[in-house]
Amino acid sequence: MLENISDVYKRISHAAMRGGRSPEGVRLVAVSKTVQAEAVREAYEAGQRIFGESKVQEAQKKAEALNDLNIQWHMVGHLQRNKAKHAVGLFKLIHSVDSIALLEEIDKQAAKKGFVQSVLLQVKLADEDTKSGAGEKELDGLVQKAGGLKNIKVEGLMTVPPFFDEPERARPFFKRLKELNNAYGFPELSMGMTGDFEVAIEEGATLVRVGTAIFGERDYT
Ligand SMILES: *Cc1c(COP(=O)(O)O)cnc(C)c1O
């Protein structure tokens, strides 16, 4: 575990240098979906602090089992509107907001709990039916809507490009997300997974979401 994490950090540093950036400008989100709480604890003991989950219920269980640790949980998977109530407050950052209805629900739940929920807007840059994310054309509407909600703060954009065997092919998607993010002046850019995080960092990622390179292949059974 320690070896995997330090290897990922080395790769982050090298990619940042290639991109002419400081490695401190990149935060590693260790994606622990399907991983047992004890493996998360091991990663924590190796120094990892930010963990990403894709299901609210699974995250709640792990957060409960690991409540003696100072973990920062992030939601990286698609969030259903009826789960927003439990997601708000549990997650420091929700990476996957992609509709006005979801913005409104998160705002409502955050208002009830009396705080401001940080979110990223998930953008779908390729025409893939199976992926979530708002289309580029919908993005302006989402940003404007969020601007009028008091209990939501948009920190930036997130994307999951199509899967390629060759990570270089994801580069144009990362470049595009960076351009959009710059246009809005948001500070955070969540892009890059095990297969392509180095290219994403070269293109400006501030948050990379890495699961397999840290915890090994996922077991969904
Ligand atoms: C599962 C997941 C990841 C991590 O993927 P790996 O290829 O295992 O690094 C990153 N982002 C999202 C949105 C995911 O669902």
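Tutor: Start with helix α3, residues 56–65, which holds both Lys62 and Glu58. The two are four residues apart, about one turn of the helix. Keep in mind that this is a predicted model.

Student: What makes the contact of Lys62 with Glu58 a salt bridge?

Tutor: The cut-off is 4 Å between a side-chain nitrogen of Lys or Arg and a carboxyl oxygen of Asp or Glu. The closest N and O atoms of Lys62 and Glu58 are 2.8 Å apart, so the pair meets the definition of a salt bridge.

Student: Why is Glu58 called partly exposed?

Tutor: Buried means under 20% relative accessible area and exposed means over 50%. Glu58 has 21%, so the label that applies is the one in between.

Student: How do you know whether Lys62 and Glu53 are buried or exposed?

Tutor: Set each value against the 20% limit for buried. Lys62 has a relative accessibility of 6%, so Lys62 counts as buried. Glu53 has 0%, so Glu53 counts as buried too.

Student: What makes Arg171 and Glu203 a salt bridge?

Tutor: Their closest N and O atoms are 2.7 Å apart, and the limit is 4 Å. The pair links distant parts of the chain: Arg171 belongs to helix α7 (residues 171–184), while Glu203 sits in the loop between α8 (197–202) and β9 (207–210), 32 residues apart. Arg171 and Glu203 are both buried.

Student: What makes this part of a network?

Tutor: Shared partners: salt bridges join Arg18, Glu168, Arg171, Lys175, Glu202 and Glu203 into one network. The structure holds 17 salt bridges.

Student: How many helices and strands does the chain have?

Tutor: Nine helices and nine strands.

Student: Why is the chain called as compact as a globular protein of that length?

Tutor: Its radius of gyration is 17 Å, and the globule rule gives 17 Å for 221 residues; the two values are close, so the description holds. Along the principal axes, the C-alpha atoms fill a box of roughly 45 × 40 × 35 Å.

Student: What share of the residues counts as buried?

Tutor: Of the 221 residues, 50%. As for contacts with a separation of 6 or more, 61% come from residues 24 or more positions apart.

Terms used:
Residues are numbered from 1 along each chain as its sequence is written. This is a predicted model: local features need pLDDT of at least 70, side-chain atom pairs count only at pLDDT 80 or more; totals for chains, interfaces and linings use all residues. Side-chain values use heavy atoms; hydrogens and water are left out. The radius of gyration is taken over C-alpha atoms; the globule rule is 2.2 Å times the number of residues to the power 0.38. Buried means under 20% relative accessible area, exposed over 50%, partly exposed in between (1.4 Å probe, protein chains only). Contact means heavy atoms within 4.5 Å.
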